[in-house]
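Subject: Handing over a structure, with notes on its disulfides

Dear colleague,

I am passing on the structure below so that you can look through it yourself. Please open it first and then read the notes that come after it.

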Amino acid sequence: MAFEEAQKPDSSARKAFSGAKILTSDGRCLFVDELSGDFRANLTPIQVGVCDATAGQGWDIITSGLHNNAANSMLIVSTLTNACFNFDPRRIDGNQVVLFSCGGRADGSGEVTDSQLFPFNQSAGPLILSPRNSLQLCFTVKNNVIDIAPCAAEDADQMFFLNSTPVDARGSAVVDPTGSSETNTFSSQPATFGDTTKTSHTQAAISSAHPESLSTMSATVTASAIGIPNPTNAVPVSRAGGTLQPTAVAESQQRDDAATRAFASVNIRTPNGQCLFIDPTAGDFRQNLIPVFLVDCAGTPNEKFDIITAGKHNNVPASALVVSSLTNGCLSFDGRRPAGDTVTIFSCGGRAAGEGQTNNGQLVPFNGGPNLVLAPESEHNTTCIVPGDGRLDSAPCSGNSSQIFTILA
């Protein structure tokens with residue numbers, strides 16, 4: 001009874017997004033465990049974990065209603081408990097960011113509180129969660145929970161993104177007036193249709209929250225024999241970030257002009273005869289976390305790579321970086337990522353903003369010849385990058401020809 005009184009849904013509220021996942025910059029999801037709070041489901045921590053179908057990962061973005069009377073602001077409400085994101089500086093450090101009854105009163109009798117209102121411009125992200133009661137502070141990811149810290153414009157831990165279909169003023173899903181069933185779950189605007197800047201249908205087929213959908217993307221890319229241009233303006237992207245940010249891309253994906261290239265602008269063929277392929281719109285706003293797809297070889301710019309044996313990001317003899325000639329990102333292995341999504345294109349040096357030096361998850365053995373075994377040095381020859389279901393994946397090294405790639409010079 002106490003729970004029902006404290007956590008009452010606002011049936012009159014206007015929602016910009018309904019049942020959305022909220023993603024961190026590294027592709028994880030915010031969630032709540034309804035049993036981790038008090039007897040009213042107040043004081044519940046906001047946790048960070050792998051995206052899945054868990055009910056606690058759903059969130060409504062409410063722009064007006066019983067508990068929000070401020071323009072250009074939002075409440076973030078759990079679809080599981082109906083409680084709101086809340087910042088209370090009176091609580092002890094590390095426990096100031098919690099879910100709490102919307103309106104700010106423990107028993108549900110509150111109306112509006114600045115501790116639960118955040119700036120909102122109708123965008124899916126990046127979102128900066130700065131509560132109105134402390135605008136100099138921002139929500140941040142810390143030790144797998146959401147905490148608070150001084151706002152820092154370039155801190156990826158303070159950037160969040162919505163993965164959801166927008167809804168209209170009645171709470172109904174926005175649909176394309178042309179009748180198309182295709183939606184872009186990471187659009188930077190509530191609804192954008194017939195956008196000629198879209199270079200492929202991949203935005204609807206892939207999200208970092210659902211790596212299992214990547215095989216659908218592979219089929220789309222295979223049909224794109226003409227290639228996908230590298231955009232120079234703000235266009236929708238598939239992973240967390242909503243919209244490509246050209247300035248951020250330029251900082252993150254810097255070409256090392258002084259590097260030694262054993263091969264430049266070459267195709268790399270898999271053991272089954274396909275070629276590696278990069279869709280520059282399939283990553284995040286910095287062109288990081290781009291999956292490496294397997295397509296029929298067509299010689300497009302998306303299939304071209306440089307093999308770098310020395311330079312700013314490679315100081316290890318007899319090793320190489322495999323770098324996209326199109327985006328300047330490096331083939332990367334990260335065993336911390338979900339299964340099926342451990343191999344991506346990432347900023348060379350291994351830091352998202354481009355400030356990294358050398359990363360062993362990007363270095364593979366190289367003897368100067370045309371054959372490559374993509375065994376990241378970070379894994380000490382135990383894990384190899386291999387062809388997977390429509391994209392590169394990782395598996396234990398086998399030592400046989402099924403894991404040998406060929407450089408087509």
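The notes below describe the disulfides.

Please keep in mind that this is a predicted model. A search of the whole structure finds six disulfides, and when the bonded cysteines of the protein chain are numbered in sequence order, the pairing runs 1-2, 3-4, 5-6, 7-8, 9-10, 11-12. Three of these disulfides are described here.

Cys-275 and Cys-297 are joined with their sulfur atoms 2.0 Å apart, and because the torsion about their S-S bond is about 95°, this disulfide is right-handed. The pair links distant parts of the chain, with Cys-275 in strand 14 and Cys-297, 22 residues away, in the loop between strand 15 and strand 16. Cys-275 is buried, at a relative accessible area of 0%, whereas Cys-297 is partly exposed, at 37%.

Between Cys-330 and Cys-348 the sulfur atoms are likewise bonded, 2.0 Å apart, and the torsion of about 100° makes this disulfide right-handed. Cys-330 lies in strand 18 and Cys-348 in the loop between strand 19 and strand 20, so the pair ties together parts that are 18 residues apart in sequence. Both Cys-330 and Cys-348 are buried.

Cys-384 is joined to Cys-397, with an S to S distance of 2.1 Å, and the torsion of about 100° about the S-S bond again means a right-handed disulfide. Cys-384 sits in strand 22, while Cys-397 is in the loop between strand 23 and strand 24, 13 residues apart. Cys-384 is buried, with a relative accessible area of 1%, and Cys-397 is partly exposed, with 25%.

Best wishes

Definitions and conventions
Residues are numbered from 1 along each chain as its sequence is written. This is a predicted model: local features need pLDDT of at least 70, side-chain atom pairs count only at pLDDT 80 or more; totals for chains, interfaces and linings use all residues. Side-chain values use heavy atoms; hydrogens and water are left out. A disulfide is a pair of cysteine sulfur atoms within 2.5 Å. Helices (H or I, at least four residues) and strands (E, at least two) are DSSP runs, numbered from the N terminus. Buried means under 20% relative accessible area, exposed over 50%, partly exposed in between (1.4 Å probe, protein chains only).
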